[in-house]
Amino acid sequence: LQMLRGELELVQDGARRLAVQLEIASLSRDEEDSDSAVDAYLAALTLEPDNERALVGVRELARAKGRWDILVGAFRNAPPTAENLGVLAEALRERQEWNELAQVLAKQIDAEPGNAEKAELAHSLAEVCETQLADAAGAVNAYQRALEFNPVRPESQAAVARLLEAQERWPELATAFEQELTTVPPTQVERQVGLLLRLGQLRRD
């Protein structure tokens, strides 16, 4: 390790400096010196922000120590893949940085390939907007987006209806009930009747 650190004081080539930092990190981990390993991984990321080996190392070590600040700093500049954005979102949630978390969740929705994952993330974004940012309109939009990806998600359906009613957005509430009605299984007669009654009331008003 001492020889490698000495080499860093002499070498200027970026590729070689990167390789040395990664080797220092690996040897530090072998010696169970996680702080030095993290420092070396972070130094590697200043040379190559998308270095997968350094990102994985920081993720493993910083998460184990609950160093969410380190994770945020490292993954803000990482390639915006679904996995990297998920790590950043986790760290931001732990640090209660709600505004940036909302922005990251929106990016994560676009990055995720599957509709089930997109629906879950959109619902999570809506909850952040509603409970942490006091952004009712943003919450409605995100819940509605969740339903675009998973039209039968009952939590999102209920949340959309609740917020639209609270905001007295009656035409949109009627539309939400109509859309929900198309997703109710034929066996759930009581739920169908309840939605029809609510629709009838809205149309009368």
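Predicted model: local features only at pLDDT ≥ 70, side-chain atom pairs only at ≥ 80, totals over all residues.
How do the residues of the lining of the largest pocket divide into nonpolar, polar and charged?

Residues are numbered from 1 along each chain as its sequence is written, and side-chain values use heavy atoms, with hydrogens and water left out.

Back to the pocket. The residues lining the largest pocket split into 6 nonpolar, 6 polar and 3 charged. H11 supplies the largest share of that lining, 6 residues.

Now, salt bridges: a side-chain nitrogen of Lys or Arg within 4 Å of a carboxyl oxygen of Asp or Glu. The structure holds 16 of them. Take arginine 59 and glutamate 83, whose closest N and O atoms are 2.9 Å apart. That pair links distant parts of the chain, with arginine 59 in helix H4 and glutamate 83 in helix H6, 24 residues apart. Is arginine 59 buried or exposed? At 16% relative accessibility, arginine 59 counts as buried, since buried means under 20%, exposed over 50%, and partly exposed in between (1.4 Å probe, protein chains only).

My next pair is arginine 198 and glutamate 165, joined at 3.4 Å, N to O. Arginine 198 sits in helix H12 and glutamate 165 in helix H10, so this bridge ties together parts 33 residues apart in sequence. Arginine 198 is partly exposed at 28%, and glutamate 165 is partly exposed at 36%.

Last one, friends: Arg76, Arg95, Glu97 and Glu100 are linked in a salt-bridge network. Within it, arginine 95 and glutamate 97 meet at 2.6 Å, N to O.

Notes
Helix = DSSP H or I, 4+ residues; strand = E, 2+ residues; numbered from the N terminus. Nonpolar A, V, L, I, M, F, W, Y, C, P; charged D, E, K, R; others polar.
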